[in-house]
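User: I'd like to learn how to read a model like this one, feature by feature. Can you walk me through it?

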Amino acid sequence: MFASRPAVHPVEAPPPPDPAEQPRGVLMKDLPGMPGTAGGLGLRLAQFAFAAVALAVMASTTLSPPPFLVAAAILQCLWSFSLAIVDIYALLVKRCLRNRRAVCLFAIGDGELEMRCTLSHENIIVIVPGETG
């Protein structure tokens, strides 16, 4: 069997990077929905819109909603709106929000609000007229 042999061309190795220019640690990549990106701004605005709709529905019902649920929805609206403003600022000045402290603050704030909303939703009792238990 006569097979052709691949030609080997020598390739020069790139010079090693200067240790002073090398970043420390692992860098996060630009992920969709990351704070300071257009996707992150879209998600924050959607989060704000859904929280505002939840507040509007609670305000329009004849039954009074539980106070913890109203407080959680108000906090969710304020949190989402404030982070949307931060995203808008970051996009306008073209600044990256890959700061470790900022991302930790966003994650802790989102997690805390999510936990409060979940706990407030667990306290809702649905009363259906005409049914006996």
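User: Where does UniProt place the feature "transmembrane region"?

Analyst: The UniProt record, an unreviewed entry, puts it at residues 41-62 and 68-92. UniProt positions are given in the numbering used here, feature names are shortened, and annotations may be inferred rather than shown by experiment. Before going on: this is a predicted model, where local features need pLDDT of at least 70 and side-chain atom pairs count only at pLDDT 80 or more, while totals for chains, interfaces and linings use all residues. Residues are numbered from 1 along each chain as its sequence is written, and side-chain values use heavy atoms, leaving out hydrogens and water.

User: What do those two spans look like in the model?

Analyst: Start with how helices get assigned: helices (H or I, at least four residues) and strands (E, at least two) are DSSP runs, numbered from the N terminus. Residues 41-62 are 91% helix and 0% strand, with end C-alpha atoms 34 Å apart. Residues 68-92 are 100% helix and 0% strand, and there the end C-alpha atoms lie 36 Å apart.

User: How many helices and strands does the protein have?

Analyst: Three helices and zero strands, so the pattern along the sequence reads α-α-α. For a single helix, you can compare its reach with an expected span, which is 1.5 Å times one less than its number of residues. H1, with 23 residues, reaches 33 Å from its first C-alpha to its last, close to the 33 Å expected.

User: Which residues in H1 are buried?

Analyst: Buried means under 20% relative accessible area, exposed means over 50%, and partly exposed is in between (1.4 Å probe, protein chains only). In H1, the buried ones are Gly-40, Leu-41, Arg-44, Ala-51 and Met-58. When you look at such a list, remember that an α-helix has 3.6 residues a turn, so residues three or four places apart point the same way. Over the protein, buried residues make up 20% of the 133 residues.

User: Arg-44 is charged, so what does it pair with?

Analyst: The general idea is that side chains of opposite charge can pair when their charged atoms come close. The rule for a salt bridge is a side-chain nitrogen of Lys or Arg within 4 Å of a carboxyl oxygen of Asp or Glu. Arg-44 pairs with Asp-110, their closest N and O atoms being 2.8 Å apart. The two are 66 residues apart, with Asp-110 in helix H3 (residues 100-121) and Arg-44 in helix H1 (residues 38-60). Arg-44 is buried at 10% relative accessible area, whereas Asp-110 is partly exposed at 25%. By this rule the count comes to one salt bridge.

User: And which residues form the nonpolar patch on the surface?

Analyst: Patch members need over 30% relative accessible area and no salt bridge; like charges are joined within 9 Å, nonpolar side chains (Val, Leu, Ile, Met, Phe, Trp, Tyr) within 5 Å. Areas come from the Shrake-Rupley method with a 1.4 Å probe, and for residues only the protein chains shown count as cover. Here Ile-88, Tyr-89, Leu-92 and Val-93 form the patch, with about 420 Å² of accessible area together. Leu-92 sits in helix H2 (residues 67-92) and is exposed at 68%. Ile-88 is also found in H2, but counts as partly exposed at 38%. The C-alpha atoms of Ile-88 and Thr-37 are separated by 8.7 Å, though these residues are 51 apart along the chain.

User: Is Lys-94 buried or exposed?

Analyst: Exposed, with a relative accessible area of 76%. Lys-94 lies in the loop between H2 and H3, and has a positive phi of about 55° although it is not a glycine.
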